[in-house]
Amino acid sequence: MNAPHAPAHALMNIAARPDAVMVRGEGSWLEDAAGRRYLDFVQGWAVNCLGHAHPAIAQALAKQAATVVNPGPAFFNAPAIELAGKLAALSGLDQAFLCNTGAEANEGAIKLARKWGQLHRNGAFEIITFGDAFHGRTLATMSASGKPGWDRIFAPQVPGFPKAVLNDLDSVEALIGPNTVAVMLEPIQGEAGVQPAELDFLRALRALCDARGLLLILDEVQTGIGRTGTLFRFEAAGITPDILTLAKGIGGGVPLAALLARESACCFVHGDQGGTYCGNPLMAAVGNAVIDIVAAPGFLAGVRDAGEAMAAGLRVLSKKHGLGEVRGAGLLLALDLGPARNAGALVERARDAGLLLNAPRPHTLRLMPALNVSTAEIELMLTMLDKVLAGA
Ligand SMILES: *Cc1c(COP(=O)(O)O)cnc(C)c1O
């Protein structure tokens with residue numbers, strides 16, 4: 001039973017949440033119904049790349065809502081055509097399927113790879129994924145994920161996702177067999193606590209996939225759209241995947257995702273893929289507004305500068321309080337607290353002090369502010385975190 005003061009009695013109890021009800025936001029700030037303000041370095045799990053209530057997103061929504069919200073997926077619409085064109089041009093891939101969530105984009109990537117395997121690899125269907133990976137919460141994407149325990153919660157799993165070890169090329173090669181069609185990974189594992197795939201490992205995987213005739217699928221749901229300081233993380237490694245998935249930042253806070261692929265891998269025929277809301281112009285209009293800002297000259301240099309300032313500040317705090325490693329790239333950073341400090345408890349104390357942080361692992365903090373976060377906001381976050389750490 002819900003506690004008597006529970007704010008939302010009819011909502012399924014799917015997560016531990018504080019009683020606060022969030023009512024408005026602006027930039028890096030979120031405000032609850034009691035008028036308390038929070039400096040938000042979670043931003044809906046790296047979703048609100050332009051912060052809360054960005055005027056460009058509000059305008060795109062209002063304009064499109066007053067024009068046409070839903071002609072239906074049986075017709076083309078202008079914002080979807082425009083967004084697919086922009087994403088293809090910016091990523092170096094050829095075609096896009098627009099959808100609503102990261103899990104849906106990854107589910108589509110899995111289907112596309114299996115279809116390609118039927119056509120070109122004698123029905124090969126296995127996709128090598130990685131321990132501790134996170135690809136979403138549908139049955140197939142949970143099976144592709146390597147979260148401990150997820151193989152049992154909703155057993156039986158969807159078969160065909162053998163697990164390799166991140167940054168261990170031999171572990172990937174050892175899993176390749178006649179049924180293998182693809183290798184799929186996050187270039188930086190986000191939910192695992194910001195664990196980067198080494199750039200050499202990404203390059204080696206690209207070469208391995210080329211040599212063995214396999215597809216390389218990159219899940220950039222969390223790392224894409226400027227989060228790591230380049231528009232896509234794969235740019236840092238100088239490679240291009242065959243299939244790419246995007247979500248989170250691409251919608252700046254609204255449900256929007258994309259599956260992109262090289263022309264040679266675009267093998268869906270009519271009826272293979274779709275969805276009632278897939279490619280709807282309301283969300284696509286927001287995607288266009290977000291891309292225009294994030295890909296504009298100078299924006300990503302700002303992300304890199306802010307990321308360096310945040311990393312430097314976190315390293316100072318780590319040294320001062322005897323904590324562990326600072327990891328990640330751009331504005332996707334983790335701070336290991338060491339075995340003595342519980343990250344979940346620290347997140348709660350920070351929230352009470354008006355700072356929103358995330359704990360993807362029991363002893364790891366993750367920081368993923370808006371990409372347009374200011375230097376002053378980063379300094380304020382560091383000051384607040386310093387106080388919370390000192391009080392621990
Ligand atoms: C968040 C996330 C997903 C799932 O996205 P949803 O929109 O929650 O379905 C998939 N992959 C990665 C890497 C993610 O961070």
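In the predicted model described here, a backbone N or O atom of A103 lies 2.8 Å from an oxygen atom of the ligand, a polar contact being a pair of N or O atoms within 3.5 Å, where within protein one atom must be able to donate a hydrogen and the other to accept it, and residues adjacent in sequence count only if both atoms are side-chain atoms. Taken alone, the ligand exposes 390 Å², of which the protein buries 81%; accessible areas come from the Shrake-Rupley method with a 1.4 Å probe, and for residues only the protein chains shown count as cover. A polar backbone atom of F134 is 3.2 Å from a nitrogen atom of the ligand, while an N or O atom in the side chain of Q222 is 2.8 Å from an oxygen atom of the ligand.

Residues are numbered from 1 along each chain as its sequence is written, and side-chain values use heavy atoms, with hydrogens and water left out. Because the model is predicted, local features need pLDDT of at least 70 and side-chain atom pairs count only at pLDDT 80 or more, whereas totals for chains, interfaces and linings use all residues.

The ligand is surrounded by T101, G102, A103, N106, F134, H135, G136, E186, D219, V221, Q222 and K248, a residue being near a molecule if one of its heavy atoms lies within 4 Å of it. This shell divides into three nonpolar, six polar and three charged residues, with Ala, Val, Leu, Ile, Met, Phe, Trp, Tyr, Cys and Pro counted as nonpolar, Asp, Glu, Lys and Arg as charged, and the others, Gly among them, as polar. Helix α4 (residues 102–120) supplies the largest share of the shell, three residues; helices (H or I, at least four residues) and strands (E, at least two) are DSSP runs, numbered from the N terminus.

A search of the whole structure finds three aromatic pairs, one of which is formed by F232 and F234 and is stacked, at 5.3 Å centre to centre with 0° between the planes. Rings of Phe, Tyr and Trp (its six-membered ring) pair if their centres lie within 6.5 Å, planes under 30 degrees apart counting as stacked, over 60 as edge-to-face and the rest as tilted. F232 is buried, at 0% relative accessibility, and F234 is likewise buried, at 4%, where buried means under 20% relative accessible area, exposed over 50% and partly exposed in between (1.4 Å probe, protein chains only).

D32, in strand β2 (residues 29–32), is buried, with a relative accessible area of 2%. The side chain of D32 reaches the backbone nitrogen of R36 at 2.9 Å and also makes a polar contact of 2.7 Å with the side chain of Y38.

Backbone geometry was also examined. Most residues other than glycine have a negative phi, and most peptide bonds are trans. A cis peptide bond, with omega about 0°, joins A155 and P156, and P156 lies in the loop between α5 (139–144) and β6 (163–164). Phi is positive, near 65°, in W45, a residue of helix α1 (residues 43–46) that counts as partly exposed at 45% relative accessibility. V194 also has a positive phi, near 60°; V194 is found in the loop between β8 (188–189) and β9 (195–196) and is buried, with a relative accessible area of 0%.
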